[in-house]
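Welcome, and thanks for taking a look at this one with me. Here are a few notes to read alongside the structure.

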Amino acid sequence: MSKETIESLFFQNKTKDQLIEDTLTSLSALLADTFAGEDVNQLKTEFPENIQIEDIGVELHHVAIYVESKEMKTPCVEVAINMVFEKQEYELGTYALVFDEKGEQIDEILDLN
């Protein structure tokens with residue numbers, strides 16, 4: 001089965017770009033809460049000392065389609081974004097959202113280094 005055929009099956013309700021945009025929006029909200037909001041998830045202490053939200057850059061890590069996986073019980077798409085401490089070119093970690101075949105978010109993953 002070709003890449004285009006697989007993608008056409010998974011991206012019927014939301015395009016790959018829309019899922020990437022959803023992930024970036026969710027990450028931005030999480031970082032805004034962590035650094036400028038109430039830090040509901042108590043994540044600020046997990047980041048390097050004296051880092052500011054402006055110091056964090058992002059880059060697409062991957063968009064992965066899982067048809068079968070040990071971790072995921074149903075077919076899904078994972079969009080992962082790397083967070084980079086730009087001043088020191090140090091990777092802070094990866095943030096990912098997992099979507100079902102309808103484009104609905106089913107999981108959120110934050111892996112800080």
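Which residue in β4 does Phe 99 stand opposite? Phe 99 faces Gln 105, and the points below start from there.

1. **What you are looking at.** This is a predicted model, in which local features need pLDDT of at least 70 and side-chain atom pairs count only at pLDDT 80 or more, while totals for chains, interfaces and linings use all residues. Residues are numbered from 1 along each chain as its sequence is written, and side-chain values use heavy atoms, with hydrogens and water left out.

2. **Confidence.** The mean pLDDT (the predictor's confidence in each residue, from 0 to 100) is 90 for the chain, and 99% of the residues score at least 70. Where pLDDT is low, the predicted coordinates should not be read in detail.

3. **Overall layout.** The chain holds 2 helices and 4 strands, following the pattern α-α-β-β-β-β along the sequence. Helices (H or I, at least four residues) and strands (E, at least two) are DSSP runs, numbered from the N terminus. The C-alpha trace spans about 50 × 25 × 25 Å along its principal axes.

4. **The hairpin.** Strands β3 (residues 90-100) and β4 (residues 105-112) pair in the antiparallel sense over 7 bridges; pairing requires that DSSP finds at least two bridges between the strands. In this hairpin 4 residues lie between the strands, and Gly 103 takes a positive phi near 85 degrees.

5. **Helix α2.** With 21 residues, α2 reaches 30 Å from its first C-alpha to its last, close to the 30 Å expected at 1.5 Å a residue (the expected span is 1.5 Å times one less than the number of residues). Its buried residues include Leu 19, Ile 20, Leu 27 and Phe 35, where buried means under 20% relative accessible area, exposed over 50% and partly exposed in between (1.4 Å probe, protein chains only). The buried residues of α2 pack against β1 (56-66), β2 (76-85), β3 and β4.

6. **A closer look at Thr 34.** Thr 34 is found in helix α2 and is buried, with a relative accessible area of 3%. Its side chain reaches the backbone oxygen of Leu 30 at 2.8 Å. Not counting residues up to four places away in sequence, Thr 34 touches Asp 39, Leu 43, Lys 44 and Phe 47; contact means heavy atoms within 4.5 Å.

7. **Burial in the chain.** Of the 113 residues in the chain, 36% are buried.

Technical notes:
A polar contact is a pair of N or O atoms within 3.5 Å; within protein, one must be able to donate a hydrogen and the other to accept it, and residues adjacent in sequence count only if both atoms are side-chain atoms.
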